[in-house]
Amino acid sequence: MRVLGLNAVFHDPAAALVIDGTVVAAAEEERFSRRKHGKRPVPFSAWELPEQAAAWCLAEAGLTPADIDIVTYSYAPHLCRPAEEMGIHDPWDHLRQMYVNHAPSFITTMLPGLDPRAVQFVPHHVAHAASAGLATPYGDNSVLVCDGRGEATSYLAGRYRDGELEILASQRLPHSLGLFYENATEHLGFLRSSDEYKVMALASYGTPEFAGELRKAVRATGDGGFVTEAVDFAALTPARSPEEGWTRQHADLAASVQLVLEETLLELALWLHDQTGDRVLTMAGGVALNCVANSRLAAEGPFEKLWVQPAAGDAGTALGGALHAAHGVGDLTQPMPGADLGRGWDDAALESALRAARLPYTRPDDIAEEAAAALARDEIVAWFQGRSEFGPRALGRRSLLAHPGNAANLERLNAVKGRETFRPVAPMVRLDRATEIFDGPVPSPYMLFVHDVAPQWRTRIPAVVHVDGTARIQTVDPARERLLTGLLAAFERRTGLPVVVNTSLNTAGRPMVDSPRDVLECFGSAPIDLLAIGPFAVRRTEVGR
């Protein structure tokens, strides 16, 4: 069966294509529209379907809308309740309900030739669950989904047996760990529903002075659910405007919110394990992008293995909805092959883009060696290789790379990207070298855990060591990542360091680059020394002549 999954109703619209149970393509609309999180900057714009992402997914497989057997939409209108009834404030609730009830006609307009009967609604948290439980390489598993909100709930706990989901617990709104974290994010001067990772980073600079107060409002209930009562954050610390700097009090509040989230998730995982006794826990939902919480679950939780969907936010529900429907019609769903599910270009197309831009370029014998030499000279390298990543992490397809031994490169990269100085950058390390430098879950191919950096390495790779002595690592498997492995090996030969700095190839407020045009624009506007685009090299010094 050919199943196209769509997500659009809240944020991060995306499309994914599953054929005969195998994931063929997945992409977020932001990579095409160049609008961060895929929506126009208005309070409610859920009617914006992932038109370009869906069109690309079909084109990638040589299909037309008429060829699609099922289109899933990761939101089920029949489960919705009015916002007032759920105890949440949503001034756009009536528009959302009107929209989702007309979604089949919107979808068939976007996909002319599609049989309207092909459209299926998949409950939001079921789609999240399938994106993890059916995509993991580890077979039967327990699954935990936690985010801001779905139709009327904010959480799902269950288990997968032979691809069938059994829901064991859920939590009705207004109680929501995701909304609790969003409220804190907004109070701390960041954008809610998109900047939660900044709170996680800021938390490392504070101590959980307010955790006792927050525990009175946020706690697990011992039956698989939890309570999140209203919190008066202003009584703990004054709100921060986006324009002003942060204080120690702001960092302390971030640390307190982070700690209470971790404690609650740990209790939920303990309860779930008591019900299932499983070895593997899979996770999805926006809260599952919290790397610090994930690491605590891996270290202190009852499960032997923790696998997190790399596109754990709402974009991943496009993939989950498609996998859920594929299993439902009898297809044997296959594990997700990796996060590199987006667009890619062959060498001829890349060279054509360079010629059209009239940029001087070379084709070195080995682009990995060329990039490694630049990194060893402490240059910044834009790395554009293969198919783009599905999800928010740059994983060596659309990355900015730098030397980890220069502590100033953290500030340098944050300046290049135009973002806050407290934001960390990540180390990329070969899988077979990871455990001698980092202590934490391995493998970690999707950069979804934090690891303690061995004391003897902290002074050797200071650019990637966060203020608390940790790093969010990406392990590179030589069996799957030959080019990245070659880059790391070439860099180590020159420097003695088996680690390279990796951060997303974008500037503040912009999505990661996706196309050759995107990366050429970024290279032209940011102080990047070398662009490694496919087998070709473009040097800043050559461009400036």
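Buried, in this talk, means under 20% relative accessible area; exposed means over 50%, and partly exposed is in between, with a 1.4 Å probe and protein chains only. Helices are DSSP runs of H or I with at least four residues, strands are runs of E with at least two, and both are numbered from the N terminus.

The model is predicted, so local features need pLDDT of at least 70, side-chain atom pairs count only at pLDDT 80 or more, and totals for chains, interfaces and linings use all residues. Residues are numbered from 1 along each chain as its sequence is written, and side-chain values use heavy atoms, with hydrogens and water left out.

First, the whole chain. There are 19 helices and 22 strands. The C-alpha atoms fill a box of roughly 65 × 60 × 45 Å along the principal axes. For 545 residues, a compact globule would have a radius of gyration near 24 Å, and the chain agrees with that, at 23 Å. That radius is taken over C-alpha atoms, and the globule rule is 2.2 Å times the number of residues to the power 0.38. Of the 545 residues, 59% count as buried. Contact means heavy atoms within 4.5 Å. Among contacts with a separation of 6 or more, 72% are between residues 24 or more positions apart.

Now helix α7, residues 177-187. How many of its 11 residues are buried? Nine are, so α7 is largely enclosed by the rest of the structure. The buried ones are L177, G178, L179, F180, Y181, E182, A184, T185 and H187. Their cover includes β6 (141-146), α8 (196-203), α9 (211-215), β9 (218-220), β10 (226-228) and α10.

At the N-terminal end, S176 is the cap, with a side-chain oxygen 3.3 Å from the backbone nitrogen of G178. After the helix comes G189, whose phi is positive, near 90 degrees.

Next, the partner helix. Two packed helices are described by the angle between their axes and the distance between the axes. Helix α7 packs with α10 (residues 248-276) at about 175 degrees, and the axes are 11 Å apart. Axes here are lines fitted to C-alpha atoms, for helices over the stretch in contact, and angles run from 0 to 180 degrees between N-to-C directions. The two helices are therefore roughly antiparallel to each other, a term for angles over 145 degrees. From α7, the residues L177, F180, Y181, A184 and H187 meet L253, V257, Q258, L261, T264, L265 and L268 of α10. That contact divides into nine nonpolar residues, three polar and no charged. Nonpolar covers Ala, Val, Leu, Ile, Met, Phe, Trp, Tyr, Cys and Pro; charged covers Asp, Glu, Lys and Arg; the others, Gly among them, are polar.

N414 sits in helix α15 (residues 408-417) and is buried, at a relative accessible area of 1%. Its side chain reaches the backbone oxygen of E420 at 3.4 Å. Not counting residues up to four places away in sequence, N414 touches R419, E420, T421 and R423.

H466 is in the loop between α16 (455-458) and β18 (470-471). Buried or exposed, then, is H466? H466 is buried, with a relative accessible area of 11%. Leaving aside neighbours within four places in sequence, H466 contacts A201, S204, Y205, F422 and P424.

Q456, in helix α16, is exposed, at 52%.

Definitions and conventions
A polar contact is a pair of N or O atoms within 3.5 Å; within protein, one must be able to donate a hydrogen and the other to accept it, and residues adjacent in sequence count only if both atoms are side-chain atoms. Angles under 35 degrees count as roughly parallel, over 145 as roughly antiparallel, 65 to 115 as roughly perpendicular and the rest as oblique.
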